[in-house]
Amino acid sequence: MLRWILLIPFACLVAMGAGLFFLAMASVASPAVALLIGGGIERLVDILFGLAESGIDPAPAAQAAFGLIGRLGMAIIVAPVVLVAVGSELFRLRSGLIQAGLTGVLAALLPLAMLKLSRAPSHAEIQIISGLFLVGAATGFVYWLMAGRGAGGERTAPAAPRQ
C-alpha cells in the first residue's frame, strides 16, 4: 500500500520531469520538433502582441492557446506515463521494454487523437511523431528504473506440497 501512496506518484513525477528534459533534447536533435516547440511559441507571442498592438484584447486568444498547450503537454508527458504506471501495477508488468514501448506509443498517439489528424501525416509530422515516441519511451524507461522493476509487488511462489 505504501508503494501506491509514495513510490508510484514520486516515480511518475520524476519521469515527467525527465520527459520534459527529453523533449528539450528532442528539440535540439530534430529540426521539426524544434520548429514545433520554439517556432510555435514564437508565433504565439507574435500573434498575441500583434493583437494587443491593433487594439484587440489578446486575453481570449491567449487563454485558448495556453489551454491547447496545456492539453498537449498532458497528452505528451503526463497521461502516457500515468496510464502505463497504473496499468503495469494492476497487471504486474515488470518489463522495461513493455513500459517504455507503451509509454512511447501513447505519447505519440494521444496528441494525434486529440488533434483528430484524419489524413496521412507529412514527412515533418512523421519526424515529430517519432520524436514524441522517443520522448515517451525514455519517460517510460525512467519510470521503470524507479518503480517498474517491482511492479505489482513480489509474486509469491506456489507452496510446495508437504510429504
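Student: How many nonpolar, polar and charged residues are in the lining of the largest pocket?

Tutor: Keep in mind that this is a predicted model. In this model the largest pocket is lined by 26 residues. Split by class, that lining comes out as 22 nonpolar, 2 polar and 2 charged residues.

Student: What volume does the largest pocket have, and which residues lie nearest its centre?

Tutor: The volume works out at about 840 Å³. As for the centre of the largest pocket, the lining residues nearest to it are Leu36, Ile37, Leu72, Ile76 and Leu115.

Student: At what angle do the axes of H3 and H5 cross, and is H3 parallel or oblique to H5?

Tutor: Look at H3 (residues 59-91) and H5 (residues 123-146): their axes come within 10 Å and cross at roughly 45°. Angles under 35 degrees would count as roughly parallel, and 65 to 115 as roughly perpendicular. The H3 and H5 angle therefore makes H3 oblique to H5.

Student: Which residues of H5 meet H3?

Tutor: H3 passes H5 in a right-handed crossing. From H3, the residues in the contact are Ile76, Ile77, Val81, Ala85, Ser88 and Glu89. By class, the contact of H3 with H5 has 7 nonpolar, 2 polar and 1 charged. On the H5 side, the partners are Leu132, Val135, Thr139 and Tyr143.

Student: How far apart are the axes of H4 and H5, and what is the hand of their crossing?

Tutor: H4 and H5 pack at an angle of about 140°, with 7 Å between their axes. Only angles over 145 count as roughly antiparallel, so H4 and H5 are oblique to each other. The hand of the H4 and H5 crossing is right-handed.

Student: How many charged residues are in the contact of H4 with H5?

Tutor: H4 brings residues including Gly96, Gly101, Gly104 and Ala108, and H5 brings residues including Gly136, Ala137, Gly140 and Trp144. The residues of this contact divide into 13 nonpolar and 7 polar, and the number of charged ones is none.

Student: Which residues of H2 meet H1, and what is the hand of that crossing?

Tutor: The axes of H1 and H2 come within 5 Å and cross at roughly 120°. That angle makes H1 oblique to H2. As for the hand, H1 passes H2 in a crossing that is left-handed.

Definitions and conventions
Residues are numbered from 1 along each chain as its sequence is written. This is a predicted model: local features need pLDDT of at least 70, side-chain atom pairs count only at pLDDT 80 or more; totals for chains, interfaces and linings use all residues. Side-chain values use heavy atoms; hydrogens and water are left out. Axes are lines fitted to C-alpha atoms, for helices over the stretch in contact, and angles run from 0 to 180 degrees between N-to-C directions. Helices (H or I, at least four residues) and strands (E, at least two) are DSSP runs, numbered from the N terminus. A crossing is left-handed if the near helix is turned anticlockwise from the far one by less than a right angle, and right-handed if clockwise. Contact means heavy atoms within 4.5 Å. Ala, Val, Leu, Ile, Met, Phe, Trp, Tyr, Cys and Pro count as nonpolar, Asp, Glu, Lys and Arg as charged, and the others, Gly among them, as polar. On a 1 Å grid over the protein atoms alone, a cavity is a set of points where a 1.4 Å probe fits but cannot get out, and a pocket is an open set with protein on both sides within 12 Å along at least five of seven lines; lining residues have an atom within 4 Å of a point. Grid points are joined across faces, edges and corners, and a volume is the space filled by probe spheres set on the points.
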